[in-house]
Protein chains: 2
Amino acid sequence: MTEPLFNRLALIGIGHIGASIAGALKLHPGTVGQLVIADANPAHLQRAEELGLGDIYCADAAMAVSGADGVILCTPVGSFAGLAAAIAPHLQPGCILSDVGSTKQSAIRDVLPFVPAGVAFVPAHPMAGTEFSGPDAGLANLFEGRWCLLTPIEGMDEAAAQKIEALWRVLGARTARMGAAHHDRVLAIVSHLPHLLAFTICGTADDLADETREEVLQFAATGFRDFTRIAASDPVMWRDIFTNNKDALLEMFSRFSEDAQAMARAVRWGDTDYIEDKINRGRKIRKSLIDIKQA
Amino acid sequence: MTEPLFNRLALIGIGHIGASIAGALKLHPGTVGQLVIADANPAHLQRAEELGLGDIYCADAAMAVSGADGVILCTPVGSFAGLAAAIAPHLQPGCILSDVGSTKQSAIRDVLPFVPAGVAFVPAHPMAGTEFSGPDAGLANLFEGRWCLLTPIEGMDEAAAQKIEALWRVLGARTARMGAAHHDRVLAIVSHLPHLLAFTICGTADDLADETREEVLQFAATGFRDFTRIAASDPVMWRDIFTNNKDALLEMFSRFSEDAQAMARAVRWGDTDYIEDKINRGRKIRKSLIDIKQA
């Protein structure tokens, strides 16, 4: 029998991603010795226990990390600073601290100052997720074939990084590394801006006169249903992502706004060549996605 | 054996929607006596024949409608005026002329002037479709449980309207009626604007510096993949929809732009209450859609 990757791994936060990690670990017994689950929400913690997601359940994150050789923060990124401050004194030397946050510059800004000597911090971001949330939304195959991006910090412990990569590969993910700033720009355009637009258009529809709004709901066509699917995501998680990736998100929003205004202008003036050209570029991107099997 | 609804039904255009009608009719033999298929694109017409979608195949729409008691225009809405002019002299008295166009004010504007006395025009819009196009994209169950909206014209032949409704119910759809102007506003927000935004964001991503663009493709997360799915739709069809529903689309775009700017402002200034409230409204709309089983 091979050694477990972690003797005692603590998941801080048992929402959609935490529960999916726990579910995937169940498919690969022996990957961790003991799985400790912490959540400040008593209902979520109780539900995680009912679902048998872990071995030990703690309301208190500081207690959960005691004796752990691996800790993964799986809470909204806005909680990272407070959480890091709370657990830091209880992290044991040799422990690897990682996270699953969608905004890496803010994760590093908020966590790194608290990381004690002898503890390796390995920022990571599994690019997977659905619009569902909470421990019941855990999907054991959520990470299958998806990317987990590591955004190394200066002087990062290479052995610790490789251990986190090994964990993600066990969970089914492919791993890659990039700088945190670059990560945040890429995510702003592929994920954060699409969510901002989806949340917005649902609000725009909701503001329409009553008669129209009811018909919007009744006759929602394919395009809008896709938007509302995106827009059904967790409010706190996305609020935190938007405010913690502000600069990149606002830059991408600004670029997008210019392009959308240009498209609206083409519609107003009947510039059919422009419209067709833009639609064809969309198809080209779609085709590229299919070619590299991300769609 | 019951009478067929139409002795001879002509589908003008055998793309995604036309081929789906033909496919659905195959599941309900006897609904039409003969199915005539016309398409100006020789490759599409040949493919339709290879797939055995109809009984008679015509390159010429005018020839296809001769002797037909039912005609459905299934081409992009921008072609309606020219098509109506071409087929009008060949429509026989008692024939019912309908269409599947997504913009009903323009359909009525472009077709009605050509409709000869004795022919009933029944504008209709089946609210279904995927991002695929062409005769091979026909899906026999495409209309199952989806809405087909009729937008009655003044003095519309009620018996003709009921016959078109009966046809759509055979194809699996639910039917409803509303004014053309109201239809165009509802569709602008649930379908046309979402498509405009999706096409645009793909272009915005495509304009990013080479290094980022490649990673956009490689690491496309869920949100962006949904957008590119929408954006993969047929360029000519969507170009025609945008320009033929200009007023409603630009009004909805303007409302959306104001809302998106307000959201961007909230991100810039860290107005977390505003952001959370908007996201919660998105979830509420999503929940409404699930409650009425449109998602």
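I took axes as lines fitted to C-alpha atoms, for helices over the stretch in contact, with angles running from 0 to 180 degrees between N-to-C directions. I worked on a predicted model, in which local features need pLDDT of at least 70 and side-chain atom pairs count only at pLDDT 80 or more, while totals for chains, interfaces and linings use all residues. Residues are numbered from 1 along each chain as its sequence is written, and chains are lettered from A in the order in which they are written.

Entry on two helices. I counted helices as DSSP runs (H or I, at least four residues), numbered from the N terminus. I found that the axes of helix 4 (residues 80-87) and helix 5 (residues 104-111) of chain A come within 8 Å and cross at roughly 35 degrees. I then looked up which residues meet, with contact meaning that C-beta atoms, placed from the backbone, lie within 7 Å: A:Phe80, A:Ala81 and A:Ala84 of helix 4 face A:Ala107, A:Asp110 and A:Val111 of helix 5.

Entry on the domains. I noted that chain A is divided into domain 1 (6-179) and domain 2 (182-291), with bounds from an automatic or database domain assignment, and that their C-alpha centres lie 30 Å apart. Each domain of chain A gives 15 residues to the contact between them, and on the side of domain 1 helix 5 of chain A gives the most, with three residues.

Entry on the chains. I read that the contact of chain A with chain B takes 77 residues from each, and that helix 7 of chain A supplies the largest share of the chain A side, 19 residues.

Note on methods. Two residues are in contact if their C-beta atoms, placed from the backbone, lie within 7 Å.
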